[in-house]
Structures are given as structure tokens and as C-alpha cells.
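Subject: Structure for you to look at

Hello,

Here is the structure I said I would pass on. Please open it first, then read the notes below it.

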Amino acid sequence: MSYRVDFTLKHDLKKFGIHDWNECFHCGNCTAICPMTKTGSLFPRKDIRLLQMGLKDKLATNLDPWLCYYCGECTETCPRDANPGELMMSLRRYLTSVYDWTGLSKKFYTSHFWEFGFIFFFFCAVIASFLIWLPLSGNTAELINDQGGVMINNLVAGISGASFVNIIEIGDWTMAILVAGLLISNILHMFYRVVIRDKEVKVPVYAYITEFWSLIWQFMTQSKFSKCEGKTYWVGHLLLMTGYSIMFAVIVVLLPEFQIEEVRPWYNWQRLMGYYATFGILFFLVYVTISRIRKSDWKSKFSHPTDWLFIVMLGLTTITGILVHIFRIGGMVSATYYMYVIHLAVLVPMILVEVPFSKWSHLAYRPFAIYFDRLKEYSRKSQNENKLVRAA
Ligand code: SF4
Ligand code: SF4
């Protein structure tokens, strides 16, 4: 099999945050210390080699970067300061742009103009939509319920009889279907590149079913993360992930159950779920923000602009969501309305830009990469067994 050498690869990958990698002299320390490296797998050294040789096609079909959990043990032991952990992170950004058929991911990772431009556009579109089509209801005194809280679904005069919660629900489902469609199509593209197009891989149909549990298990538990030496990052990540999942259930699937006129007592299970999700997200945000400001460990020493954008947008969404809740139970009608609008103006671009095209997409790509890797491993093993049987 022949591979084309691409001399522009190193230059192109710099835009995704790769630096220092060329210091590597292939001692192999990083591979030896990495808790994720399996027998027969040589990452992250192999990936540095592919980059140094300009083997773009091989790099683009490689799953190793998704099997790395950024624990940094490789970087800490590298005698040449080649920063292999950061290289794997940068390769994940690059691969996200490879899978994305729209080309937007590449533009967002490599151009501030495109990423900030799209975010600003969606921000303004949400603000304008509310102020023009869904302004605050005229008589604010009638919007206070018996418990002194704001009757949130009467905040705006609905269009064609639809209440506020119906309008938000339609918007939520539209975004969810759009984002899911983009992610699924990109995952199919990834599958085509790494499994179907690889002529050496022959996966029996039943293996797709028997190995599927790995996808669900890794998505739910992120258990591979626990192999890293420090456990705080894993716990924080798990809190964040469960927080996201609960928030998704609350704001998309169960919105009519949650966004009701009555203010429930604080110990109601729905409010407690919301508090858990908020705590999980805030815990992770505070932890990574302090680490990145202090640059207290190797992970925090280098930040790509998209790392900060992710923190800022998620932080603003969380804080504005908390303020909506406080203003609402405090009976502040105008403050609730305007804060709700600002909350959506930050949330919508975060969902439409960050989830399918940027940092958040790894939530989908990583479990599928682990699944595809297991399929490839299954294929290797069954082919070796067949060879042994034939030889016998
Ligand atoms: S430890 Fe450093 S120098 Fe050694 S192979 Fe890994 S990246 Fe290269
Ligand atoms: S950052 Fe951790 S998981 Fe990733 S390659 Fe280095 S040692 Fe392995």
C-alpha cells in the first residue's frame, strides 16, 4: 500500500494548536508511560512519526487521538519537551475538521473571524427575535403567581395562541434535530474513513452488536479516564457530562414538565435535578478556569482560543440560567424576561456552533472512536485466528 507525503501538513496543523512536536527524537518514553496504550499500539509516538513524515491520509484515518484522555503523563516524562499530550489534543481538533463535511469546523478552529462571526450572528438574531416578535407582555403586575414568583409562560404574548413554553420547545427540538443530524452524518463519515475504506478491516456483522456496549459504557462512565493518575479531572468531567445530560433532558425532552407557572418547593425532585446539573457544570468550570489562569499543571499551560471560548460560553449560559431562576422566584418580572433572552442568546450559538463543530463534538466522537477501535481490533483478532486455523 502506498501513501502520499503531504509537505504542507505540518504547516496546516499549526493552526490547530500543534507546537514543539518536532523536538521528538523517538525515545519511546511517552508510549511506555501512557496508561491508555495497549499492546501493539504505540501512541502518542506513532502519531508524531506520522506527522513528521507528512502522512496526512494515515493521520486522518487514525483513531489514536480519541483514545488519549489528556492526562499528560507523556508530556511530563518527555526528555525533549515535545509536548505529546498537547499534540494529541491538537490532533483531535484536526480530526474534528476532517470528519465535518460542511467545512465549518475547520473554519471555526482556524479563523477567529468565522467562529466569533457566527456566534455574534446567532446572538444578535436571538435578541432581535425576542425584542421584535416576542416582547414582554404589557401588564407585568398580572404576571405574579400566588407564591410571589413570575408566571414565566405568560411573559410573552404568544404567536397564534402558542404559549412561551411551546415556542421555546419548538426552538429546542429544531436545534436538537439539526445538531443531531450534523453529528450523525459526521460520525458516518468518520466510520466510512476509518472502518469501511480500510481494506484490511473485515468486521463480522454480529461484532457490531456485541461491541456496541463499549460505546454506551464509555459514554455513560468515561471509565478509561480513571486510568489517569490524578482523579480530580475525571470526577469533574463526569460531573460535567452528567450535568449536560440532565440539562438536555430538562430543556429539550421534558421542558413542558419543568417550565410551569407554579414555583415548586426547593426539595422537589425536578428542582434538585436542576441543582445537581448546575453544581456539576459549575464545579468543572471553576476547576478548569482556575487551573488555566494559574497554569498550575501541564494541561493548563497552553490554551487554544477555542478552549477559552468553550469555558466562557458555558459559564455565561450557566450564570444567566441561575439568574433567571433567582429573578423568577424573586418575582422580578422584567429582570426574568430580559435575563431569559440573554440566556437564550448565549445558549443558542453555543449549541449551534460549539456542539457540532468545535470542542463539544468530542462528546460524540470519542465513544464512537472507542467503538470503531474495538471493531478493528475484533477484525484483527479474527483474521489472526483464521490464519492460525489455516496453518494448522
Ligand atoms: S517521550 Fe518525547 S522525545 Fe520520547 S518519543 Fe515521546 S515525544 Fe518523542
Ligand atoms: S496525554 Fe495521557 S493518555 Fe494522552 S497520550 Fe499522553 S499519557 Fe497517553
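A word on classes before the findings: Ala, Val, Leu, Ile, Met, Phe, Trp, Tyr, Cys and Pro count as nonpolar, Asp, Glu, Lys and Arg as charged, and the others, Gly among them, as polar. On that basis, the shell around ligand 2 has 11 nonpolar, 2 polar and 1 charged residues. Keep in mind that this is a predicted model.

Ligand 2 is surrounded by 14 residues, and Cys34, Cys68, Cys71, Cys74 and Gly85 are the closest. At least two residues of this shell come from helix 6 (73-77), and at least two from helix 7 (84-99). Helix 7 contributes the most to it, with 3 residues.

Ligand 1 has 14 residues around it, of which Cys24, Cys27, Asn29, Cys30 and Cys78 come nearest. Here the elements giving two or more residues are helix 2 (29-33) and helix 3 (45-53). The classes in the shell around ligand 1 are 9 nonpolar, 3 polar and 2 charged residues.

In the contact between them, domain 1 takes part with 20 residues and domain 2 with 24 residues.

On the side of domain 1 that touches domain 2, helix 5 (64-67), helix 6 and helix 7 each give two or more residues. Helix 7 gives the most to this side, with 5 residues. By class, this side of domain 1 has 10 nonpolar, 6 polar and 4 charged residues.

Regards

Technical notes: Residues are numbered from 1 along each chain as its sequence is written. Chains are lettered from A and ligands numbered from 1 in the order in which they are written. This is a predicted model: local features need pLDDT of at least 70, side-chain atom pairs count only at pLDDT 80 or more; totals for chains, interfaces and linings use all residues. A residue is near a molecule or strand if its C-beta atom, placed from the backbone, lies within 6 Å of it. Helices (H or I, at least four residues) and strands (E, at least two) are DSSP runs, numbered from the N terminus. Two residues are in contact if their C-beta atoms, placed from the backbone, lie within 7 Å.
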